[in-house]
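This note goes through the structure shown below, point by point. Please keep the sequence and the 3D view at hand while reading.

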Amino acid sequence: RPLVIAVDGPSGSGKSSVSREVARRLGLEYLDTGAMYRAATWSVVEAGIDLADAAAVAEHVRNLDLTMATDPTAPGVRVAGHDVSAAIRETRISSIVSKVATNLDVRAEMLKRQRDLITAGRNGTHQGCVAEGRDITTVVAPDADVRLLLTASEEARLARRAKELHGSADAASVEATRDQIVRRDSDDSTVSNFEVAADGVMHLDSSALDFEQTVDAVLAAITR
Ligand code: CDP
């Protein structure tokens, strides 16, 4: 039976980079479910669909030709064969992704696809998977072998995202990032809010930990 490790957390918690490194060290697949919602959003925009038309958005996503590369050393996202891995990180996508991700029919479609990707190992395709997002421990894989909520203080998350986006965590960069992080947390609050870990989910606060320390703490939680 393939090993399933579920990691959830808010924007800037480090869940993507940490999950990817943990998958690499353990020889598991890595699934970035946020990238799936981002790719769906990219494609909806590309198709010129009105984001307010929930039925049209859902129909588009149900027909989406989406391919996730789950090798942690070379993760990637393709829509109709077109590599969108970089495009889906642009601010124009980050600022609207919550609109698509809070569409319940979109979530139902993604849930199906994410479960298929995570459990592909049941057919012997892979050893297991580290899947990360916002509802993996609670909805997508509540039966995962290890379930972990990775959080960090708002201050720490802002500083990390500012460094990623602007190369610096000075006051101006942090302010420029605040809207993205804080507003998206609130836009996503119907999907998940991370004030308390769900039953049986381990909670790791990485505010005071650097990347290596966080990876080590997650690995320790997994082998315990
Ligand atoms: O890395 P960051 O936290 O900025 O975002 P992400 O993990 O790439 O996720 C982007 C967006 O996808 C989130 O803001 C949510 O709207 C949505 N998402 C979701 O609804 N459910 C998930 N399991 C993962 C992401």
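**Notes on the predicted model**

1. The largest nonpolar core has 33 residues, and within this core Leu66, Val77 and Met110 touch the most other members. Helix 2 contributes the most to this core, with 7 residues. A nonpolar core is a set of buried Ala, Val, Leu, Ile, Met, Phe, Trp, Tyr and Cys residues joined through side-chain atoms within 4.5 Å. Buried means under 20% relative accessible area, exposed means over 50%, and partly exposed lies in between (1.4 Å probe, protein chains only).

2. The model is predicted: local features need pLDDT of at least 70 and side-chain atom pairs count only at pLDDT 80 or more, while totals for chains, interfaces and linings use all residues. Residues are numbered from 1 along each chain as its sequence is written, and side-chain values use heavy atoms, with hydrogens and water left out.

3. Leu66 is in contact (heavy atoms within 4.5 Å) with Met36, Ala39, Val77, Arg78, Val79, Met110 and Arg113, not counting residues up to four places away in sequence. Another core, of 16 residues, lies apart from the largest one; Val7, Leu28, Leu150 and Leu219 are among its members.

4. An open sheet is formed by 3 strands in the order 3-4-5, with antiparallel pairing. Its edge strands are strand 3 (66–69) and strand 5 (82–83), each of which pairs on one side only. Helix 2 (residues 33–46) packs on the sheet and touches strand 3, strand 4 and strand 5; its direction makes about 30 degrees with that of strand 4. Helices (H or I, at least four residues) and strands (E, at least two) are DSSP runs, numbered from the N terminus. Two strands pair if DSSP finds at least two bridges between them. Axes are lines fitted to C-alpha atoms, for helices over the stretch in contact, and angles run from 0 to 180 degrees between N-to-C directions.

5. Strand 4 (residues 76–79) and strand 5 run antiparallel and are joined by 2 bridges. Arg78 stands opposite Asp83 in strand 5.

6. Which residues are closest to the ligand? Of the 18 residues that surround the ligand, the closest are Arg38, Arg107, Arg161, Arg184 and Asp188; a residue counts here if one of its heavy atoms lies within 4 Å. An oxygen atom of the ligand is 2.9 Å from an N or O atom in the side chain of Ser11, and a polar side-chain atom of Lys15 lies 3.1 Å from an oxygen atom of the ligand. A polar backbone atom of Arg134 is 3.0 Å from a nitrogen atom of the ligand.

7. The side chain of Glu29 makes a polar contact with the side chain of Thr70 (2.6 Å).

8. Ile118 lies in helix 6 (residues 104–118) and, at 4% relative accessibility, counts as buried. Leaving aside neighbours within four places in sequence, Ile118 is in contact with Val4, Leu31, His126, Cys129, Ala131 and Val140.

Notes: A polar contact is a pair of N or O atoms within 3.5 Å; within protein, one must be able to donate a hydrogen and the other to accept it, and residues adjacent in sequence count only if both atoms are side-chain atoms.
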